[in-house]
Amino acid sequence: MIQHKPEVLITGKFPHAVIKSLGEVAEVHQWDGHPHDLMPRAEVMKLVGRMSAIINQAELKVDEELLSAGAALKIVANVSIGVDNLDLDQMTRRGVWASNTPGHFDYPVAEYAIGGIIIIIRRLLEADRFVRSGEWNSFQPGRWDGDGLRNKTLGLIGMGNIGKSLARLGSCLGMNVIYYNQSKSTPEYEWTPLSELLSRADVVSVHVPHSTETHEMIGAAEFAAMKPGAIFVNTSRGKVVSEPDLVRFLTTGHLGGAVLDVFFNEPQVPEPLISMPNVLLSPHVAGGTRAGRIACYQMAVANVMAVLAGNKPVNALNQI
């Protein structure tokens with residue numbers, strides 16, 4: 001009797017070396033479109049009924065519709081620390097494992113945040129545009145002077161692994177670090193109530209997952225409470241911020257600038273942000289280093305292979 005291999009769907013492009021071992025135990029299907037794009041949901045839905053596993057980049061909404069169509073699914077593995085695309089209750093009820101890839105994006109996100117803060121506080125976007133415009137014709141000391149990080153206060157909303165990595169980097173650069181978190185479990189830094197953090201911080205950086213509790217947790221009241229000229233950083237999820245309020249407080253000049261890697265309705269970016277010279281915009285790339293991404297690919301494959309072998313995934317998010 002012929003034993004058919006289980007089928008695994010990867011919604012993006014993985015290097016061959018990463019999936020070689022997976023190919024020995026499963027029939028692997030990869031998105032064959034543009035290498036930087038991901039498989040559209042409609043295409044996933046055509047194939048999901050045959051799949052034992054799906055590896056995605058946290059872009060695929062794993063909801064009742066997909067789970068109902070994927071009767072053979074054993075695991076959906078995210079190549080991401082994020083989990084807000086996964087309906088964990090539904091997955092658990094249907095006996096489908098969920099996994100993510102924690103650890104490898106922490107330092108890159110913190111590094112990105114520090115780089116972005118420096119770019120904004122030193123007015124480097126404005127200076128870059130000035131040079132590119134051809135207007136620079138003489139040395140003009142003072143014209144593009146920004147500020148520095150030393151002795152500035154960095155306020156972190158959320159103190160998970162990314163927040164801790166950013167706290168260490170900020171401290172190394174001479175910043176005073178304060179944080180707000182549900183727990184006060186990081187004694188090396190100063191915990192403050194959120195209202196106090198907003199009023200004291202020169203830079204406010206958000207590091208919380210998106211959930212019902214954190215949906216638009218930063219809005220008009222929070223922006224109004226920030227110091228005039230403060231810089232706002234969001235590398236977590238776009239939906240934790242009220243985007244219209246952010247635009248308004250940047251437009252009025254109450255906020256001195258922003259570093260934004262995520263948006264409320266990605267890939268849509270509010271038009272006013274695009275022309276602002278004091279706002280750094282990037283397409284959800286904060287965690288994206290080559291080495292980190294390869295390590296996450298490998299972790300996702302390991303999670304899938306564990307389940308196909310009848311074991312629990314290494315990074316299980318639920319219990320079956």
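Biologist: How many cavities of 30 Å³ or more does the structure hold?

Modeller: One. Keep in mind that this is a predicted model. The largest cavity has a volume of about 50 Å³.

Biologist: Which residues line the largest cavity?

Modeller: F232, N234, G238, V241, E243, L246, L260, V262, F263 and F264. By class, that lining has seven nonpolar, two polar and one charged residues. β10 (230-234) and α10 (243-251) each supply at least two residues of the lining.

Biologist: New topic. What is the strand order in the open sheet of five strands?

Modeller: The order is β2-β1-β3-β4-β5, with parallel pairing. β2 (27-30) and β5 (97-99) stand at the edges with a single partner strand each, so one side of each has no neighbour in the sheet. On average, neighbouring strands are turned by 15 degrees against each other, direction ignored.

Biologist: How many bridges join β1 to β3?

Modeller: Three, and the two strands run parallel. V8 has A53 in β3 as its bridge partner.

Biologist: And which strands does α12 touch?

Modeller: α12 packs on the sheet and touches β1, β3, β4 (75-78) and β5. Its direction makes about 165 degrees with that of β4. Helix α1 lies across β1, β2 and β3, at about 145 degrees to β2.

Biologist: At what angle do α1 and α12 pack?

Modeller: About 5 degrees, with axes 10 Å apart. The two helices are therefore roughly parallel to each other.

Biologist: Which residues in α1 meet α12?

Modeller: V18, I19, S21 and L22. Their partners in α12 include I294, Y297 and L308. The contact residues divide into nine nonpolar, two polar and no charged.

Key:
Residues are numbered from 1 along each chain as its sequence is written. This is a predicted model: local features need pLDDT of at least 70, side-chain atom pairs count only at pLDDT 80 or more; totals for chains, interfaces and linings use all residues. Side-chain values use heavy atoms; hydrogens and water are left out. Axes are lines fitted to C-alpha atoms, for helices over the stretch in contact, and angles run from 0 to 180 degrees between N-to-C directions. Helices (H or I, at least four residues) and strands (E, at least two) are DSSP runs, numbered from the N terminus. Angles under 35 degrees count as roughly parallel, over 145 as roughly antiparallel, 65 to 115 as roughly perpendicular and the rest as oblique. Contact means heavy atoms within 4.5 Å. Ala, Val, Leu, Ile, Met, Phe, Trp, Tyr, Cys and Pro count as nonpolar, Asp, Glu, Lys and Arg as charged, and the others, Gly among them, as polar. On a 1 Å grid over the protein atoms alone, a cavity is a set of points where a 1.4 Å probe fits but cannot get out, and a pocket is an open set with protein on both sides within 12 Å along at least five of seven lines; lining residues have an atom within 4 Å of a point. Grid points are joined across faces, edges and corners, and a volume is the space filled by probe spheres set on the points. Two strands pair if DSSP finds at least two bridges between them.
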